[in-house]
Amino acid sequence: PPATSLIFQLAFSNIRHLALLRHTRPRDWFGFLRGFVRRPHVFFKAMRYRSASGSLWSLVLNAANARTREATLIPPSEPLYRKSN
């Protein structure tokens, strides 16, 4: 699917654990690598975003946590996404 590259970026940027990639198929890897070869700057910009935009990243992270909790009824005490830098 088109969002597969987003899954790779989330896994590599340590937002989600790399185990997220265990269900990927060789076709998914090929598509991700093809996009990386064609536009490597996009991958590196995505990897630098968290450190370059710390305050904006916190805002995005908090909003994503709130919306996910609304949709899934997860208790507020459990973190959904890690805030590691």
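The model is predicted, so local features are reported only at pLDDT of at least 70 and side-chain atom pairs only at pLDDT 80 or more, while totals for chains, interfaces and linings use all residues. Residues are numbered from 1 along each chain as its sequence is written, and side-chain values use heavy atoms, with hydrogens and water left out. The protein has four helices and zero strands, where helices (H or I, at least four residues) and strands (E, at least two) are DSSP runs numbered from the N terminus.

**Fold and confidence**

- Read along the sequence, the elements follow the pattern α-α-α-α.
- The average pLDDT, which is the predictor's confidence in each residue on a scale from 0 to 100, is 76 for the protein, and 76% of the residues score at least 70.
- Among the elements, helix α2 has the highest mean pLDDT (89), whereas helix α4, covering residues 54-72, has the lowest (75).

**Surface and burial**

- Of the 85 residues of the protein, 20% count as buried; buried means under 20% relative accessible area, exposed means over 50%, and partly exposed lies in between, using a 1.4 Å probe and protein chains only.
- The accessible surface comes to about 6400 Å², of which 64% belongs to carbon and sulfur atoms; such areas come from the Shrake-Rupley method with a 1.4 Å probe, and for residues only the protein chains shown count as cover.
- Phe12, Leu18, Trp29 and Leu33 make a nonpolar surface patch of about 360 Å²; patches are made of residues with over 30% relative accessible area and no salt bridge, with like charges joined within 9 Å and nonpolar side chains (Val, Leu, Ile, Met, Phe, Trp, Tyr) joined within 5 Å.

**Thr24 and its surroundings**

- Thr24 is found in the loop between α1 (4-12) and α2 (26-38), and it counts as buried because its relative accessibility is 19%.
- The side chain of Thr24 reaches the backbone oxygen of Leu21 at 2.6 Å, and a polar contact of 2.8 Å joins the side chains of Thr24 and Trp29.
- A polar contact is a pair of N or O atoms within 3.5 Å; within protein, one atom must be able to donate a hydrogen and the other to accept it, and residues adjacent in sequence count only if both atoms are side-chain atoms.
- Leaving aside residues up to four places away in sequence, Thr24 touches Phe8 and Trp29, where contact means heavy atoms within 4.5 Å.

**The salt bridge**

- A search of the whole structure finds one salt bridge, defined as a side-chain nitrogen of Lys or Arg within 4 Å of a carboxyl oxygen of Asp or Glu.
- The side chains of Arg25 and Asp28 meet in this salt bridge, with an N to O distance of 3.7 Å.
- Side chains of opposite charge can pair when their charged atoms come close.
- Arg25 is partly exposed, with a relative accessible area of 41%, whereas Asp28 counts as buried at 11% relative accessibility.
- Asp28 is found in helix α2 and, not counting residues up to four places away in sequence, touches Thr4 and Phe8.

**Links across the sequence**

- Among contacts between residues at least 6 apart in sequence, 41% join residues at least 24 apart.
- Ser13, in the loop between α1 and α2, counts as buried because its relative accessibility is 13%, and it touches Met47 and Arg50 when residues up to four places away in sequence are not counted.
- The C-alpha atoms of Ser13 and Tyr49 are separated by 9.5 Å, although these residues are 36 residues apart along the chain.
- Leu33 and Ser5, 28 residues apart along the chain, have their C-alpha atoms separated by 9.1 Å.
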